[in-house]
Amino acid sequence: VAYVRKRGIRSNVGFIAERQKMLDGLVAEVNRRALPFVLWGVSHHLLPYISILGKVDTLVAVDGSPSKVDRYIPSTNLKVKPIDMLRSLSHGYVAVTAPRFRDEIVGELTRMFGSTRVDEALSEDLGFTVFECSSPVAG
């Protein structure tokens, strides 16, 4: 049995307002940086955030599950693409929204891009790990 700490109504309202502020800040920062923002892993973990993340100018969703590819995230016009589409990106952000598969996804990002680093600020605001990924410059 899991123990869930109950919050008073006042506490819940404060938490929700603070969370909303953090997510609005994330959207503003991602749009300011003007790089693609990819959500890797379309699951129930993502649904509470999708209405806010839908405000990101260059939002993309990818998933490795054939049953999710070419479908839309509920209540959005965001079509899920196969992970191979990431190969067309030279620089961008990837949020790992499938915590169960995080290690596999990090390995795949490293293989695809060569250079990945955790963006601590975006990760903290979103609540999922966000990686800045860039491909090696062709020389």
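Tutor: Let us begin with a term: contact means heavy atoms within 4.5 Å. Please keep in mind throughout that this is a predicted model.

Student: With that cut-off, which residues is Leu126 in contact with, leaving aside its neighbours within four places in sequence?

Tutor: Once those neighbours are set aside, Leu126 is in contact with Arg19, Leu23, Leu26, Phe37, Tyr49, Leu53 and Ala95. Leu126 also belongs to the largest nonpolar core, which has 25 residues, and it is among the members that touch the most others, together with Phe37, Leu39, Leu53 and Ile73. At least two residues of this core come from each of α1 (9–33), β1, α2 (50–53), β2, β4 and α4 (120–126), and α1 gives the largest share, four residues.

Student: Which residues does the second, separate core include?

Tutor: That core has 16 residues, among them Val38, Met85, Phe113 and Phe131. As for the chain as a whole, 40% of its 139 residues count as buried, and of the contacts between residues at least 6 apart in sequence, 57% join residues at least 24 apart.

Student: In which sense do β2 and β3 pair, parallel or antiparallel?

Tutor: Strand β2 (residues 59–63) pairs with β3 in the parallel sense, over three bridges, and Asp63 has Pro82 in β3 as its bridge partner.

Student: How far apart are the closest N and O atoms of Glu29 and Arg33?

Tutor: They are 2.7 Å apart, and the two residues form a salt bridge. Because Glu29 and Arg33 are four residues apart in helix α1, about one helical turn separates them. Glu29, at 23% relative accessibility, counts as partly exposed, and so does Arg33, at 25%.

Student: Where do Arg87 and Glu108 lie in the chain?

Tutor: Arg87 is in the loop between β3 and β4 and Glu108 is in helix α3, 21 residues apart, so that this pair links distant parts of the chain. Their salt bridge has its closest N and O atoms 3.6 Å apart. Arg87 counts as exposed, at 53% relative accessibility, whereas Glu108 is buried, with a relative accessible area of 17%.

Student: What do the side chains of Glu132 and Arg117 meet in?

Tutor: They meet in a salt bridge, at 2.7 Å from N to O. Glu132 lies in strand β6 and Arg117 in strand β5, so the pair ties together parts that are 15 residues apart in sequence. Glu132 is buried, with a relative accessible area of 16%, while Arg117, at 45% relative accessibility, counts as partly exposed. Salt bridges with shared partners join Glu29, Arg32, Arg33, Arg117, Asp119 and Glu132 into one network.

How values were computed: Residues are numbered from 1 along each chain as its sequence is written. This is a predicted model: local features need pLDDT of at least 70, side-chain atom pairs count only at pLDDT 80 or more; totals for chains, interfaces and linings use all residues. Side-chain values use heavy atoms; hydrogens and water are left out. Buried means under 20% relative accessible area, exposed over 50%, partly exposed in between (1.4 Å probe, protein chains only). Two strands pair if DSSP finds at least two bridges between them. A nonpolar core is a set of buried Ala, Val, Leu, Ile, Met, Phe, Trp, Tyr and Cys residues joined through side-chain atoms within 4.5 Å. A salt bridge is a side-chain nitrogen of Lys or Arg within 4 Å of a carboxyl oxygen of Asp or Glu.
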